[in-house]
Amino acid sequence: MKFIDEAVIYVKAGNGGNGCVSFRREKFIPRGGPDGGDGGKGGDVVIAGKQSLTNLSDFQYKRIYRAEKGKNGAKKNKRGRDGKDVIISVPLGTTIYDEKNGAPLCDITRNQETFIVARGGKGGKGNVHFATPTHRTPFEYEHGKEGEEKHLRLVLKILADVGIVGLPNVGKSTLISRLTDANPKIGDYPFTTITPSLGVLQGDNKTFVVADIPGIIEGASKGKGLGFNFLKHIERTRMMLWVLDASSANIEKDYYTLSKELCLYNTRMLRKKRIVVLNKIDLVARTVWNQWKHYFSKKDEATIMVSALHGWGIENLKREIEKQATDERT
Ligand SMILES: Nc1nc2c(ncn2[C@@H]2O[C@H](COP(=O)(O)OP(=O)(O)OP(=O)(O)O)[C@@H](O)[C@H]2O)c(=O)[nH]1
Ligand SMILES: [Mg+2]
């Protein structure tokens, strides 16, 4: 599945209907007063959350959304019908920005949550409103107001429970393929992963959505590499797995690079629950990884040793994820 996470669309709310100019024409009443009704209101453009949607791919094909105009007013004081709203369904986790100035308009996180992104124009008044005792045959009326129009940027942030982060090539994708049903590309080179992938982890009592994103490198917060763009996908996860390569020449530096870049992205990233996952332990002696286990436990980091390649320690990690996820204290 190609993961599409951004789209730009154009929306136009309906214009209001015009007011009507008309005069009563009835038998035996030679000069009836004005009876031109008001125009109807134009339809709104409404964004609605829909749980069953998982991506923004629909917006590749349909990019223009117009709500209906309000009908014009009619004689006999008849108000024109309001234009129908147009409802645009988006997956939960979609943020809508005004493309013109980048301002966020709304954040859709709940099923059937709605937000009006463009308001329909008000209907114009009919000539009946312009009559006064000295002005009995008014020909004045109002035009309906224009409906709002906007270019919107839709950005989907995955609502994953667990986000996997780490420097390139540490084995994040191998790990998600062990933990979940996901089947991402794995390669012995940095930046194998260029789009995020999601998988479902079946715990004993709960299931979790896990997200794997491209590797993060030093300077990512200044735009280097790919991973930074994708941090938004895991911004809202409740928990993170910080994957480190146990065979790296400088694990401590890797750990600090990762925490620095996450912190520069958003300090909240460091306040989330996390598990330090020391991967590729098949490549190093037990004495070495025991030493690192000790090092991280002194820092109060929950640490799990695994070999994603061989499947070692994976059950242990699953248990720890479930334990932390169900522990509501922090
Ligand atoms: N020896 C060993 N190799 C591993 C282990 N886990 C992953 N690898 C290898 O490390 C390489 C990178 O694995 P990936 O899962 O693609 O790493 P990644 O972190 O997703 O990489 P990017 O997406 O490029 O950031 C591949 O050649 C994997 O086979 C492990 O536990 N032990
Ligand atoms: Mg990868």
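Predicted model: local features only at pLDDT ≥ 70, side-chain atom pairs only at ≥ 80, totals over all residues.
1. **Overall dimensions.** The chain has 330 residues, and its radius of gyration is 29 Å. A compact globule of that length would have a value near 20 Å. The C-alpha trace spans about 110 × 40 × 35 Å along its principal axes.

2. **Content and contacts.** The chain holds seven helices and 14 strands. Of its residues, 41% count as buried. Take the contacts between residues at least 6 apart in sequence: 71% of these join residues at least 24 apart.

3. **The six-strand sheet.** This sheet is open, and its strand order is β10-β11-β9-β12-β13-β14. The pairing is mixed. Neighbouring strands are turned against each other by 25 degrees on average, direction ignored.

4. **Pairing of β12 and β13.** Strand β12 covers residues 239-245, and strand β13 covers residues 273-279. The two run parallel and share seven bridges. Within this pair, W242 stands opposite V276 of β13.

5. **Helices on that sheet.** Helix α4 (residues 251-265) packs on the sheet and touches β9 (162-166) and β12. The direction of α4 makes about 145 degrees with that of β12. Helix α7 (residues 314-326) also packs on the sheet. The strands touched by α7 are β9, β10, β11 (207-212), β12, β13 and β14. Its direction makes about 170 degrees with that of β13.

6. **Strand β9.** How many of the five residues of β9 are buried? The count is five of five. Both faces are covered. On one side sit V162, I164 and G166; on the other sit G163 and V165. β9 pairs with β11 in the parallel sense over three bridges, and I164 has D212 of β11 as its bridge partner. β9 also pairs with β12, again parallel, over five bridges. There G166 has V243 of β12 as its bridge partner.

7. **Helix α2.** This helix covers residues 172-179 and is mostly covered, with seven of its eight residues buried. The buried ones are K172, S173, T174, L175, I176, R178 and L179. What do they pack against? Their partners are β9, β10, β11, β12, β13 and α7. Note that K172 and R178 are on the buried list.

8. **Ligand 1.** The shell around ligand 1 has 24 residues. G171, S173, T193, G215 and L309 come nearest. Which element gives the largest share of the shell? It is α2, with three residues. By class, the shell divides into nine nonpolar, 11 polar and four charged residues.

9. **The five-strand sheet.** A second open sheet runs in the order β3-β1-β8-β5-β6, with mixed pairing. β3 (64-66) and β6 stand at the edges. Each has a single partner strand, so one side of each is left without a neighbour in the sheet. The twist averages 25 degrees from one strand to the next.

10. Strand β5 (residues 94-98) pairs with β6 in the antiparallel sense over four bridges. T94 stands opposite I108 of β6. D107 lies in β6, which covers residues 104-108. Why does D107 count as partly exposed? It has 17 C-beta neighbours inside 10 Å; a residue needs 20 or more to be buried, and 12 or fewer to be exposed, so D107 falls in between. D107 and Y97 are 10 residues apart in sequence, with their C-alpha atoms 9.1 Å apart in space.

Terms used. Residues numbered from 1 in each chain as written. Chains lettered and ligands numbered in written order. Rg over C-alpha atoms; globule rule 2.2 N^0.38 Å. Contact = placed C-beta atoms within 7 Å. Pairing = 2+ DSSP bridges. Axes fitted to C-alpha atoms, helices over the stretch in contact; angles between N-to-C directions. Near = placed C-beta within 6 Å. Nonpolar A, V, L, I, M, F, W, Y, C, P; charged D, E, K, R; others polar.
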